[in-house]
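Work through the exercises below with the model open. Try each task before reading its solution.

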Amino acid sequence: MTDSKYFTTTKKGEIFELKAELNSDKKEKKKEAVKKVIASMTVGKDVSALFPDVVNCMQTDNLELKKLVYLYLMNYAKSQPDMAIMAVNTFVKDCEDSNPLIRALAVRTMGCIRVDKITEYLCEPLRKCLKDEDPYVRKTAAVCVAKLHDINAQLVEDQGFLDLLRDLLSDSNPMVVANAVAAISEIMDASPNAASVLEMNSGTINKLLTALNECTEWGQVFILDSISNYTPKDEREAQSICERVTPRLAHANAAVVLSAVKVVMKLMEMLDTGGDYVTSLVKKLAPPLVTLLSAEPEIQYVALRNINLIVQKRSEILKNEMKVFFVKYNDPIYVKLEKLDIMIRLTSQSNIAQVLAELKEYATEVDVDFVRKSVRAIGRCAIKVEPAAERCVSTLLDLIQTKVNYVVQEAIVVIKDIFRKYPNKYESIIATLCENLDTLDEPEARASMIWIIGEYAERIDNADELLESFLEGFQDENTQVQLQLLTAIVKLFLKRPTDTQELVQQVLSLSTQDSDNPDLRDRGYIYWRLLSTDPAAAKEVVLAEKPLISEETDLIEPTLLDELICHISSLASVYHKPPNAFVEGRGGLRKVLPPKSEQAEGLVEELGAQEPTAAPPQPTVIPGADSLIGDLLDMDMGSGPSMMQQQMYPAQPAAPTPAGGSGGMDIFGEGLDNLLGGGSTGGDMLGGLGDIFGMPQTQSYVPPQEVWLPASKGKGLEITGTFARKNNQINMELTFTNKAMQPMSGFAVQFNKNSFGLMPAQVINIRTPLPPNQSASTSLPLNTQGPIQKMEPLTILQVAIKNNIDVFYMSTHVPLHVLFMEDGEMDKKIFLATWKDIPSPNEVQYTINNVPHNADTVSSKLRNNNVFTIAKRNVEGQDMLYQSLKLTNGIWILAELKIQPSNPSFVLSLKARAVDVYEAVKQVYENILHN
Amino acid sequence: MIGGLFIYNHKGEVLISRVYRDDIGRNAVDAFRVNVIHARQQVRSPVTNIARTSFFHIKRSNIWLAAVTKQNVNAAMVFEFLHKMTDVMAAYFGKVTEENIKNNFVLIYEILDEILDFGYPQNTDTGILKTFITQQGVKSQTKEETSQITSQVTGQIGWRREGIKYRRNELFLDVLESVNLLMSPQGQVLSAHVAGRIVMKSYLSGMPECKFGINDKVLMESKGGKSGQDEGRGGYVKSTSGASSTKTSIAIDDCQFHQCVKLSKFETEHSISFIPPDGEFELMRYRTTKDISLPFRIIPLVREVGRQKMEVKIVVKSNFKPSLLAQKVEVRIPTPLNTSGVQVICMKGKAKYKASENAIVWKIKRMGGMKECQLSAEIELLNTNDKRKWTRPPISMNFEVPFAPSGFKVRYLKVFEPKLNYSDHDVIKWVRYIGRSGLYETRC
């Protein structure tokens, strides 16, 4: 009989029957029953009711049955903590078993049961197991320390497990070392104060490198990842680590290879760039990276995402390997798209012919996304490799001839870029482009086509007709098309003023009167004013020379790239995002590449003396298609507000000059006045602008100083103080007053452990000695890297102050808003997802009475304190503000503020994963809103 | 690290669910089903992020394996692990199918408990796992037995146990190469590489140290000529390597080794030395791109005669020693989707139009070296109003030849077992070379 039968039982009264079977005397029947229970658990049925019955089966010498019961326990112990206690005895007993497999099983399972009461009992057995004679038990115990730390970090530190764990790094067994490393890395990640005990030094790194040769493939990954977090003290050490890591590049496991690549890439930063050793390293890196492309497709994907980063950091590594990135017919689509990205990056004059032939091939494939990207890539090639531009353009024309709708549209989008890069070179093809006008249905393609028409309006005879045809459905167009159409028609007018007045007036009125899009309206007004006041200036502004288009696309911003290089092989490198963008909770230190060693720096300086330092010019980045905010003059494919500022700027000096009186002027003078209502509207408009641009209050809220230590308790020392956040820095503002008879000196401050790990970032800087009857103020910067202990209430901070007289203790409340981070603005989508994700029991409502503000002032006030308004909605007359904020320890808090007009009571709803912070957050809202 | 591991059937029903970390809730199981398996649009990445939770998945026939995490894990490791996991399952109960998974779910839980601890992969060597995860119920192991198991699981040589004995010490080496080619219609090689594997079957007593010698340029140069004389000893069955018999050494772009190979020794002394696992394993993988002797060449000629007819002529040329025979030769010629009928004529082998696969499949059982075969076909097309041109997928080919197209040669494999009384000479060694087609495509 096979086990699959357990999946089929769904009859009523099942639980009852199972109960009977579990309590059966027959061993076989018992075991069958437990299997059924596990099967039900797997498919998602709730079998927690059977807890006592299953636990009763635990005391058995049948290892298989024991494992099944343990599996059940791990799943349900949390929901039945009192019952779980029943199992403790068996665990403790099993930890003493003569069979090491059972000892390890017990300690492994115990760590997975997240019940406080059980963890207390776990400590002693765990301590024994960490020193067990059997390596299998020790390696299991090592991981168990990490488990325990996850449940109760304080306990692990108090019980000295960190030291025991560190000792395991010197274990004779390589697997024990590997698991200890894994556990240490995790603990250091989670709590910074453990770092002091577990910090790696060259001695431990040496031990790890020795174990590296002998442990399992997974162990090698743990060790390499951990080594990558270590910064060697000098160039020599960096090189010696590299030498011992490079053999791993020949390992069959892709994870080992990539982790080794990570270590080498990081350490190379410290080595002399021109040296032979770096050259040899660069040579060594290419083959294993190429080999990864013959692994399973999923691994290829991870490899390709990483290669994308590596190529951006050090393009020399793979510059000769173009061919391996050619797409295979049956590569999965995700591999194809990534390969294409890398192909474009590696394209150069030497390989352009091959690349172009390939791209042309790809453009005829089936997958729409892939084809589009291929067409786009052809355009990129044209921009990147000038001598090949002509061939690229003719390839694109061939593709346009296929008449495949999306190919044509994509081709037109890239041809627009080519026109920008090589002005007045390829306009002969415009006729062909115009033939396809009516097949364009995507906004980006339409906008591009309109741009081309506007740009070359003087050469296209029927440009006015073409643009007019677009104008018919103006209101239904996408914003970027509308903006582009507006600009193109104004260009046309400036180039051919005689016969296009009507058209331009039409578009101006459409965009200023009939549109509710502020960007469009504003641009319309600006053009209008510009044209009416000084057409010459208008010409200068609208037809200005455009800045050069850059060669590279989608480059990752350099500091982010450096950070991602430190995360090679990890998820961050797959997403191309820093870990804190997708990992919750942990503040985690940002990883940075090690600085160049002194020696290397000296060398660079020497070189610098001979020739200017060869820092590569930073190309301006063309944003990817989805984030096209547009470049400023008139390429506003994504309708960015930034464009307006740029255009307004040159317009200002032109404005006061009286009208020059060209042909088109007269008509405009009138039209404008009518439309603008005699200029008064214009004034209003500017007034409004002034309001918006008027200096907002940028001060964050600082509560008034309070007396923290009265003179009566401080033996004559009175301390008042408060907390403030200035320039991303938490400060404790202190005023010391000496009310005693003798001068005071030798001040020192210390904090007790507190909820947010606050501690002084420097020693207190105060004028000493402090003579009697005088006061001195100081501002003490704080950081959040101190020891953490949850306080009750959360915001309490106990401070000890010492002077030459005595030590005094005082207790203060930290207003939570000084802990709000500057980067607390959540992406809208993430906000939505997170809001949904947090269960509704976590939501709490407060009412804040008597607020003397409206929605706008509220959000700007909060904004100054790093509470970010992400969205504003008006529902049935009441304003809803959606806000996010982030604490220094990485906790996100989402808020919804409901504001009814003419009701000074606001309703505040909070949502966060950690509910303990609510009270303090609410207090902050109270304070800020009443301030 | 890995927070949880789920296995689903094609319908998205959970077959196995094992959660390792507290941050992964039960809803993660459903999130993956809804957003990936049942996603309206096919998911286009093996890594998916749903509400700050990352899902890694692989698919084996219609089974989904998904690993879940909320942390910044080592992505390459997770995928390597998932693949290893399927290997382990296959080694225990054969094909990874829904039926087999359901039949062995207790076993799978037991394995998962062992090879993943708190999301950290542990020893995943099937040979070792099988010594103590047996599903045979209780076996009262003696103290010696258990301590032997634990030392193997954690040991330096985690892939081999002590005390193996064979009456006849024997080993088999298979050099398996797959040739990959992409050729333009004009016969220009766009890309070609050989992916080679050395699979070893060892039946050796004790803890034998092996040294392996190949004709890699770098290795040979660093050794000088001194070990040249080792060739041809013992019981080698020498396979003549086809076209490249004149070449003495080849340039290997990159190679990778089984974890038993001492990598540091390879790096410093350029020698491949190892203590092999018992039985079959993959010793080495390598890749070459230079001087590949391509066993076959296809010359396509496709002509569209009007809108309703196409003429195809294919010539296949074999390019290796006439004394050798290629086997299982198969040429696959794609046809347009609107094909209504095909007439094929070929001089050798059998050719058939397979409507379901949109291709003409031409099979030739055996083909000698330096030969040429031809096929011509007339394809009738239906009238369609589909504007899109047919994209002409490449013509692909499968075959098997008895030599290594890269020119790879085994020079020696020496066995030392200092503790037992057998020497290198007593070991019977077999070598075999097989070249297979990988992706062997010619555009037309």
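Two strands pair if DSSP finds at least two bridges between them. Helices (H or I, at least four residues) and strands (E, at least two) are DSSP runs, numbered from the N terminus. This is a predicted model: local features need pLDDT of at least 70, side-chain atom pairs count only at pLDDT 80 or more, and totals for chains, interfaces and linings use all residues. Residues are numbered from 1 along each chain as its sequence is written, chains are lettered from A and ligands numbered from 1 in the order in which they are written, and side-chain values use heavy atoms, leaving out hydrogens and water.

**Exercise 1. The hairpin**

Task: Which residue stands opposite Phe6(B) in strand 2 of chain B?

Solution:
- Start with strand 1 (residues 4-8) of chain B, which pairs with strand 2 of chain B in the antiparallel sense over 5 bridges.
- Opposite Phe6(B) is Ser17(B).
- Go to the 5 residues between the strands: there Gly12(B) has a positive phi near 95 degrees.
- Check the cover on strand 2 (residues 14-19): 5 of its 6 residues are buried (under 20% relative accessible area; exposed is over 50%, partly exposed in between; 1.4 Å probe, protein chains only).

**Exercise 2. The cysteines**

Task: How many disulfides does the structure hold over all chains?

Solution:
- Apply the cut-off: a disulfide is a pair of cysteine sulfur atoms within 2.5 Å.
- The count is 0.
- Take Cys129(A): its nearest cysteine sulfur, in Cys95(A), is 4.7 Å away.
- Cys129(A) is also buried, at a relative accessible area of 1%.
- Take Cys210(B): the closest cysteine sulfur, in Cys260(B), lies 8.4 Å off, so it is too far for a bond.
- Cys210(B) is buried too, at 0%.

**Exercise 3. The cores**

Task: Which residues touch the most other members of the largest nonpolar core?

Solution:
- Define the set: buried Ala, Val, Leu, Ile, Met, Phe, Trp, Tyr and Cys residues joined through side-chain atoms within 4.5 Å.
- The largest core has 282 residues, and Tyr72(A), Phe419(A) and Phe56(B) touch the most other members.
- A second, separate core holds 60 residues, including Val814(A) and Leu819(A).
- Return to Tyr72(A): beyond four places in sequence, its contacts (heavy atoms within 4.5 Å) include Val37(A), Met41(A) and Phe51(A).

**Exercise 4. A helix in its surroundings**

Task: Which helices do the buried residues of helix 31 of chain A pack against?

Solution:
- List the buried residues of helix 31 (residues 558-565): Leu560(A), Leu561(A), Glu563(A), Leu564(A) and Ile565(A).
- They pack against helix 16 (254-268), helix 18 (297-313) and helix 32 (571-575) of chain A.
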